[in-house]
Each structure stands twice: as C-alpha cells, then as structure tokens.
Protein chains: 8
Amino acid sequence: MAQAKPRVNILMGSKSDWEVMKNASDTLNQFGVSHECRVLSAHRTPKETAEYVSGAEGRDVEVVIAAAGGAAHLAGVCAAHTVLPVLGVPMESKLMGLDSLLSTVQMPGGIPVGTLAVGKAGAVNAALLAVAILANKDPELRKKLKQFREEQAAKVLNEKLS
Amino acid sequence: MAQAKPRVNILMGSKSDWEVMKNASDTLNQFGVSHECRVLSAHRTPKETAEYVSGAEGRDVEVVIAAAGGAAHLAGVCAAHTVLPVLGVPMESKLMGLDSLLSTVQMPGGIPVGTLAVGKAGAVNAALLAVAILANKDPELRKKLKQFREEQAAKVLNEKLS
Amino acid sequence: MAQAKPRVNILMGSKSDWEVMKNASDTLNQFGVSHECRVLSAHRTPKETAEYVSGAEGRDVEVVIAAAGGAAHLAGVCAAHTVLPVLGVPMESKLMGLDSLLSTVQMPGGIPVGTLAVGKAGAVNAALLAVAILANKDPELRKKLKQFREEQAAKVLNEKLS
Amino acid sequence: MAQAKPRVNILMGSKSDWEVMKNASDTLNQFGVSHECRVLSAHRTPKETAEYVSGAEGRDVEVVIAAAGGAAHLAGVCAAHTVLPVLGVPMESKLMGLDSLLSTVQMPGGIPVGTLAVGKAGAVNAALLAVAILANKDPELRKKLKQFREEQAAKVLNEKLS
Amino acid sequence: MAQAKPRVNILMGSKSDWEVMKNASDTLNQFGVSHECRVLSAHRTPKETAEYVSGAEGRDVEVVIAAAGGAAHLAGVCAAHTVLPVLGVPMESKLMGLDSLLSTVQMPGGIPVGTLAVGKAGAVNAALLAVAILANKDPELRKKLKQFREEQAAKVLNEKLS
Amino acid sequence: MAQAKPRVNILMGSKSDWEVMKNASDTLNQFGVSHECRVLSAHRTPKETAEYVSGAEGRDVEVVIAAAGGAAHLAGVCAAHTVLPVLGVPMESKLMGLDSLLSTVQMPGGIPVGTLAVGKAGAVNAALLAVAILANKDPELRKKLKQFREEQAAKVLNEKLS
Amino acid sequence: MAQAKPRVNILMGSKSDWEVMKNASDTLNQFGVSHECRVLSAHRTPKETAEYVSGAEGRDVEVVIAAAGGAAHLAGVCAAHTVLPVLGVPMESKLMGLDSLLSTVQMPGGIPVGTLAVGKAGAVNAALLAVAILANKDPELRKKLKQFREEQAAKVLNEKLS
Amino acid sequence: MAQAKPRVNILMGSKSDWEVMKNASDTLNQFGVSHECRVLSAHRTPKETAEYVSGAEGRDVEVVIAAAGGAAHLAGVCAAHTVLPVLGVPMESKLMGLDSLLSTVQMPGGIPVGTLAVGKAGAVNAALLAVAILANKDPELRKKLKQFREEQAAKVLNEKLS
C-alpha cells in the first residue's frame, strides 16, 4: 500500500475477506492510487468503524470501499457516517453471496451505496469505479483509465481458442 | 404504550413500518409488558440509534426488538451496540422481504439477532418471544403465556369450516 | 458438557448436525453455562421430542436451541411444546440451507422461534443469544458477555493485512 | 362432506386455508370419496394434531392431506405420526409460497410427504392423487378417474381461441 | 431387483441418476417390494416412455416413481399417461435442484405428481411413500413399515454425541 | 389467423394463456406470417399434443412456439416430438413465472428449446425469433424485419419525457 | 430539467421507467445539479446509445445514471462506452426486479457499474451518489449534501407513532 | 473449426467459457456445419462486438450463438446488432448461473434471444437448435438431425443399471 496520503479507504468486515479484496488494492496500486486497507466490522467494532469512516472526509479521503459477507451491513454503515461516495462489495457466503448482495444493495432512499458484483470481479470493479470517480478531477488518471480499457480490449481480441 | 419503565424497546427504521409493528406493541400490551416504540434508522440516524440502544441496558430494558426492510441493518446495528437480547423483524419490501430477511438473519458469528418471520406474524412473534424471555424471571408472565397458548389452541379447535 | 443442572437444551435433528452444533456447545462452555445436547428428530422421534421439550420447563431449563436442515421443523415443533424461548439454527442442506432457513424462521403468528444464521455462525450466535437471555438475571454472565465483546473487538482491531 | 366413514382426512393449519382447500374437498366429493376436513395446527395445537393423525389408521382412513403456509410443518408432523400416505399442499404466503413449498417437500429421509403444487392446483391434485391411491383397491374409482381424465382432455380439445 | 411381478416402476431420465435412485430400489428391496428400474427419458425417448407408462396399469403396477433433473418433465409425463399414483424425485442439477424441484412439483390442476425432496432423501422417501400406498391393502407391509419406523426412531435415540 | 398454410404453430397449455400469447399471433400477423394457434396440454392431452407436433414437419410447419406455466413441460414435450426449431414462452404463475422459466429453459443436452422471457415480452419475442428463422430463406421477410427494427428504434428515439 | 450544461446524464430503457426515474431527476434538481434525461435502449437503439454515452465525456458530463428492467443491459452498455462513473438502477419487472438487479450488478471485472436498489429508492440514491461524486470537487455541493442528511435525520427523529 | 464459409458464429465473453462452448463447436462439427468461434466481450470490446455481429449477415452467417456469465449481456447485445436468429447460452457463475440465465433470457419485447440451459447442456443444445434452424432449408441436415435423435434414443434405451 502506498505511502502517500490515502485517497481511498478499503474496509472489510473480516480478515478472511482480504484474499478477495487484495484485488481491489492491487488494482488501485496499478493506477498509482494511494489507499489504506483496514479490517473493521459493522457489528464487532461499531464504534471504531463509525469513527474511522466519520473521519475519512477530514483525512481528504475521496472514496470509501467496503466489503462484507452474510448480513453485509458494513457498506451501509459506512454510508451512514459519511457523505463521501461509498462503494460496496458483497463477499461470497453460505447462500452464494445472495444475502451479502441484497444486504449491500437494497439501501433505503437517502443513504446510497454503489454496489458491485459478488466476489473478485466486484473487488476489481470497486477499485476501477473509485478510479473513475477520482479521474473526474484528475486528467492524468482518466488517461490511465482509457489506456487500461484499451489494453483490456486488446487482451480480449488476442485470445486464441485452441 | 404503558407508563411504567419500559422493559422492551421496539425500534423501526421508518414510520411506514408502524402499521406492522403496532402488532408487536399490541401483543406486549395484551401481556401488560411496558415498552417504548421509536422510529430510528440505522442509516439516516446512526448516531441517535447507537446512543439509544447503548443506553438501553442502563434504562433497565431487557429486550430490544428492531424492524426494518430492504437492506435491513437496524437489528444488526442494535445488536452491535448492546449485549441485551435483540430480536429482528424483517419488513416486506420490493423483493417480497427476502432482502429484509437475509439482511436481518445472516449475522456473522459473535453478534446474534434472533430473527422472526417476515411481516405481521414476525411482529407478533417478536413480542411473544420477548415475553418468553421476560417470563424466565417473572412467573406471573409465564402463567399468562401459558394461558395465551391455551386460548390460542382453543380458538383453532373451535374453527368451523362451512 | 457440564455436570451442573442444564440451563440450556441443545437439540439437533441428526447426528450429522453435531459438527456444526458443537460450536454452540463450545460457546456455552466458554461462558460456563451448563447445558445438555441431544439428537432428537421432529419427524423420526416425534413423541420423544415432544416429551423432552415439554419437560424442559420442569427441569428448570431456560432456553431451548434447536438445529435442523431441509424441511427443518425441529425448532418449530419445540416451540409448539414449550413456552420457554426457543432459538433455531438452520443447517446447510441441498438448497444451500435456504429451505432450512425458511422452514425455521417463517413461523405463524403465535409460536415464535428466534432464528439465527445458517450453519456455524448461527450455532455460535444461538449460544450467545442464549447467554444474553440468561444474563438478564445473571449479572456475572452479563459481565462475561461484555468482556467477550471487548475481546472480540480487540481481535478485529489487531488484524494485520499482509 | 359425506356422511360415510371418512376415507381421507384433510387438515389445514388455519381457517384461512379453507378457501383453497375447499377445492380438494370438492374434488373428493366429485368422486364420491368420503372425507373429513379439520383445522389443526402443527404449532398451536400440537397435541390434538398428533392425536388426530395417530388415530387416523384406527379410523380406517387411507390417505391424509395436510395444507399449511409459511414454515409449513403440518404435513411433516402428520407424516411423523402415521404410516398412512401423507400428501402436502403448500399454501401461498409472504414469500409467494416458496417457504411453504420448501418446508413441505424437503423432508429428511425416513418420513415421506408427497407434495403437490402451491395453492389451488395443489389442492385439486392432492385430492386426485388420493383418489389414485384409493383406486389401487377400488376398480370403480379407477374407472371414474379415467373418465375424469377423458372429460378433462375433451375440455382442453374443445377450447376455442377467439 | 426382485424376480416377482413388479409392483413399482422406477424410471429415471438418465443413467447418471442411478447412483441416487439406487437408494429407492434398495429401500423397496428392504421391504421385499418387487419393482423394476428403467432409464427412460421424457425428451429423448418420448414414445417409449409413454408406452411403458401407459402399460403399467396393465402390468399390475401400483405405483410409478420418476426421477429427473433440470427441466425435470419425466414425472409429469408419466402422470399424463397413467392414472396410477406417480411420485416424483427431483435430481440435483446446475441450479442446486431448484429447477428440478419446481419442474416436478408445480403440476397444473388435473394431473398430480406427489413430489419428494431433492436427491437421496427424496429417493428413499419415494420408496417409503410407495410402500405406504401398497400397505393400504397389504397388512403385512404396514406392519413392516411400523417396524421400520420404530427401528429408525431407536437409531436416533441411540445416537451418542462425543 | 391467416388462411394460408401455417408456417408457425403456436401451442399453449391452457386457454388462459391466450391473453398473453395473442401477442405472438398479432406479431406474426404484422409480418404476414401464416400460423395456427391451438390449446394443447402436455399433461391433459399428451397423445394429441404428441400427434399434432409429430405431424408439424409433414404439414410444412417451420417453427413451433409453445407456451405454458408452472411445471411448464409443453415446449419440452414438443421438442421431444419434432426436429423443427421449438421456441418456449414461460407463462407467469404462482412463483412469478420462475417455475415456468426453469421448467422451459433447463432442458437436458440433446433436445433444445429456445426460451424467451416470461410473459408478454416473451410472446412477442417468440414471434420475432420465428420470423428471424423464417427470414433465413425469405429475403422479403428479412427486409420487413429490418424495417420493424428501424421503426422500433425511431419510436424509442421519439419518446418525450414530460 | 435545468438549462445549464448537464453534469449528469440519466438514461432509461423505456418511457415507462420515467415514473420511477423522475425521482432521480427531482433529487438532482433539489441539489441544483444540471442534468439531461433520455430514453435510450441498449437493445432497440444500440447505436444511438453507444454514441450518446461515448460523447458524454466530451460534453463534460461527470456521471451517467442508467435505469432498465428485465435483462437490464443499459447500465453495462453505458459502462462499456465511457470511462465516466456509471450508476445503475434496476427497475421492477416480472421477477420482482431480481432479473434487473442481477443483470445490472453482476458485471465482469474490468467494467464497473455502481448499482443501487431496485425501484424508487434506487432512483433517489443514484442521484444522491452522483451528487456525492460531484461534491468531491464542489465544496458547495458537499455542504448541501450534509444539510440534506441533517434534515433527513431530523425528519426521522420527529416521526410520531400514534 | 471448418474451412468452409461459416454458417454459424459462436461468440463467448471470455476465454474461460471455451471449455463449455467447445461442446457447441464439437456438436456443429458432428453435423458438418461450418462455424467460427470468437472471444468478444459486450463490455470490454463493445465496438468490435457490434462490428462483428453487424457484419454477420453480410458474411452469410445464418445463426449467432453467444455465451456469457454474470451480467450476461453478450447475447442481447448481439441481438441488438443483427436480425439473424441469436441463441444465448448462460455460463455458470457466482450465483450458480441464475444471474447469467436471467440476464440472457429476460429480453424486452422487440429484441429476441432464444435462450438455452445453463452450462454444457445449453452449449450442446444451442448447436442443435442452430442445426434445426439451418435444416429448415437443408434436407440433408434434417436427415442427419433425425438420425442423431434416433441414435440418442437408442443410447438411452440401451442403458444398463447394474
């Protein structure tokens, strides 16, 4: 994780989510976006979670990414404590991640969580959406994002079926 | 709602849940159990919710009932802020209440929510389970509970099919 | 399992549930709560189940925990035979435990089952909710519960992501 | 309902199920099959249900039909108390009847419930399957069943689309 | 499989279902019920399936058991071609057997299929329900069924948790 | 319905499906494609269904469209009796059409059914897909199809939000 | 809709989505955020959709909101044609919006869509998340967002249960 | 893959789909149907996908098969860019392929996708349905299709259960 002042905070409800969420961190690193990763639980450490997220704006954080499984309240709890954009990544769980997905995405009107796909694809895409948000005021980052898309397209086009 | 010191707190995420949760309140009244009903949102009023629930033990509350719909985090957030028994009632929603149910029941190990059925049956049963819990130290209440069961059984046995 | 008079009864529909429900027993042991574990089936041994649960109150049991999978009727059948608080733990099954969950939680108004999450998390949490219920009249237990929460929070806060 | 000794018992968990289950009764009447209809709840009147079903064999009943909604345990509880063939009809409920269906059909090995479709189609078909079972030793009934099928087919073939 | 004239026909849509359906055959053997097992597909061999099932009554078959997975039409197709009681066993599939279950159980009014649980439990129970149906005119079989239940209960009661 | 020799056969399992399937017929009429609509049930009139579909090729029919609800076997049964392209339209039902959809689409390898959306959109699209298939050897029809697409696009582009 | 250069583009697949998506537009108006609303279909007007979205960056648009139902591809198609942040709102549909939700949220790694709740809550929240994104470089907007949250909280706290 | 001018185009959203979609290619080869297989993504290579599919008619392609997983938009995007018959194969994914299935089949009225089963059965059946479509103007192919069906039936009929 980068030394610079973190622009993105990645929270996860349990250390076991790290294997998946490392993909979000790796993606941000690929774009040179400084960020901080923390295990913080909506249920087991509610005060510390509230405090950490409430302080994000003051730390000049621009996007919060939160990942959790089961009754996945972490992203919603983050969104409740900040007006920064919050992105949610549902982790796979007992019910295939359907519980995590619904618990993350079905937020009531007033407190939004931008939800990504269940599991690794969601972790990567949360980072890419964070980059897209940052790129709104960072032309260099937008350029990198376009280049990423081009390379990604080229990779698809070069696939060989044998 | 009774004048006595509330033994049960009933929280709901939105005033629109009251039509259903009134059944919980009515059931508690039927047993003469003092209680307080409040609209408090896990997402829209996170601080007040945390404060209110954190203080429940100090107010000699014995059971907390929380009802919410959609990404129904209220019961989980309550459970995170108190060691009192917390009972959750999933409200019906866009996805038939499946989202509310999974968001309430699939809590991670460490922070339990005793979850009841979706909607009115769940509201009534949350009250009855609260009564059962209170009855553990209140022989009078247990007696009333047995009487309630007997009357309920009698009512079923007297049904006429025409 | 403790020698003292059991305060909690843990029932499971099949011996194969023991691997999961052992977590409930271990958790109760961790809190020094005496309990008894039994295999009793709502379908294969209906009379013995009814008898055992009907007698729980007389044995000074304070909470009944019931675990079953598939058409998981055990918790509901227990609740039908006692006015003690009954907690249900849905076991994983052919349909990911969705059948067990719905069969346990969707009880009709009148007979409540406080339902926990599918599988191991639910087993642990059933025990913790039982402890919370017992703690309502046992200050020592409530103190232990708070300590458990603190240790649990500390463990989360000390997680290192490498 | 016929005066003759009932060959089929139709149980339902709540009087509100009668509107649907009347279709089972009507179908049996159509075949001249004597039967008795009762409201009996697996949860609210467990003893009376167990007693009634346990006695079915002694009353020369040949098939038991049980209808319930939500955590629909009635058919399973019937099956637990008799070796007679038990047919289950899931009633529509909060979750579209998916809870009722899974609670009825996902019985553990050892105690079978022959489950029909959710709602009215299931009610009619439970009666028809009961007739098919009775027809195994009643050639007259089998003849009627064939005639019913022929009339039913003719009705389909005569449909006009305008 | 027994030499005697088969009283039950067990059909399955694919040879791969045999591993599960063998449990139905074994259970029938345990009760000394003669039966015949066949692979016949509703889709790949529609004529032979129709013919075989249409002829079942003439062969003095008393119950038809049909097992299939995915768009599991076999039991329904059997039911369409005979007035004998037809029992359906949904096989596990891509969607956990939910597709097989719904395709088997949700029959339209007029053509019933008594559906059992997904997979092995359903296979065993289809056989047991067939036995219960046969036992309606076979006191010896009913006696065996009661004995089976007693042994089954004893087995549960003797389980030791270590 | 057109007087010319039918190029498409539209079957539906029940007359109640006609309200939805009329949209398929109207769409074919819009393209001047001759077709025949029939109520034929996989379960209630299995022989007539098999006969009718088996004869389709001989009647120079080019596409079969089949609509059914619940355990929706009609399209699969049609596909089993012809090598013509068979398109399936799941009708809405008790379980929102999820049962109809899975029963239609989850066909085993070997017997394909091209499945369209649940309800009216599926009815229209089955007709359009049939037109696309016919258009493979009918340049005039392909031209009409392109014109339809253009008009459809124009209609979308002209929508005004007020 | 505002006269100023639109900062947000709201697309919807069908005019029938406007009743729900008007809530997104109203919310943006409430914050004084200029935006443009268009009906554009991923399927019926693919070229115009691609063109419009591809041009969004050049028009200095900062966020794209896309709403669709059923096989809801609109948000994904938008995300494929721009590197701007794309937010998706699943519309209710035949399958309660579960199809719309899964079609919107389950994007493959590489092309993110930040998905909101099904229906009206999702429409409001898409606008609020867009505001949060814009607020990253617009302190005035962030202030308004905080004020909105405070008023929203106050409204909850002032609810009276009668 | 055959040297002749391709009559069928098989697209898949990711190289990882090839293991499943190879079954479609093998099946077409078995019938001597020339075809081309390509990895093209609705999201990562939207322009190339649109171009390739738009050009299919000009290349005298007669059927397009598209396979994708998750938010499986590929078949829908193909259908949006051609009036040729488009067949969709949902790939298995995080949510068992339910997301892929709903994203493929629930197309809005106007743009049809003929959807096959999830996974390998769907891949084989997409090829067989393509063959059935081609066979409408190719008597030789229809003959082969009938032979395939006969061999397939024979194989089922020759299964031995041991």
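This is a short walk through a predicted model, stop by stop, with something to select at each one.

Before you click, residues count from 1 along each chain as its sequence is written, and chains are lettered from A, with ligands numbered from 1, in the order in which they are written. Because the model is predicted, local features need pLDDT of at least 70 and side-chain atom pairs count only at pLDDT 80 or more, while totals for chains, interfaces and linings use all residues; side-chain values use heavy atoms, with hydrogens and water left out.

**Stop 1: chains G and H**

Select chains G and H together. You'll find 22 residues of chain G in contact with 22 of chain H (contact means heavy atoms within 4.5 Å). About 1,900 Å² is buried between chain G and chain H, and carbon and sulfur atoms give 68% of it; buried area is the accessible area (1.4 Å probe) that two parts lose on being put together, summed over both. Now pick out G:His43, G:His73 and G:Gln106: in chain G these lose the most area to chain H, together 28% of what that side buries.

Next, colour by element. On the side of chain G that touches chain H, α3 (74-80) and α4 (98-105) are the elements giving two or more residues. Helices here are DSSP runs (H or I, at least four residues), strands are runs of E (at least two), and both are numbered from the N terminus.

What kinds of residue make up that side of chain G? Eleven are nonpolar, eight polar and three charged. Here Ala, Val, Leu, Ile, Met, Phe, Trp, Tyr, Cys and Pro count as nonpolar, Asp, Glu, Lys and Arg as charged, and the others, Gly among them, as polar.

How many salt bridges cross from chain G to chain H? The rule finds zero, the rule being a side-chain nitrogen of Lys or Arg within 4 Å of a carboxyl oxygen of Asp or Glu.

**Stop 2: the rotation axis**

Chain E goes onto chain D with a turn of 180°, a shift of 0.0 Å along the axis and an RMSD of 0.0 Å, which is the relation of a two-fold axis.

For contrast, show chains C and H: they do not touch, and their nearest C-alpha atoms are 11 Å apart.

**Stop 3: salt bridges within a chain**

Over all chains the count comes to 64 salt bridges. Start with A:Arg7 and A:Asp138, whose closest N and O atoms are 3.2 Å apart. A:Arg7 sits in the segment before β1 (8-12) and A:Asp138 in the loop between α5 (120-135) and α6 (139-157) of chain A, so this pair ties together parts 131 residues apart in sequence. A:Asp138 counts as buried at 17% relative accessibility (buried is under 20% relative accessible area, exposed over 50%, partly exposed in between; 1.4 Å probe, protein chains only).

Finish in chain G with G:Glu62 and G:Lys137, a salt bridge with its closest N and O atoms 3.1 Å apart. G:Glu62 lies in the loop between α2 (46-54) and β3 (63-68), and G:Lys137 in the loop between α5 (120-135) and α6 (139-157), 75 residues apart. G:Glu62 is buried at 8%, whereas G:Lys137 is partly exposed at 37%.

Notes
Copies are superposed by least squares on the C-alpha atoms of residues with pLDDT of at least 70 in both.
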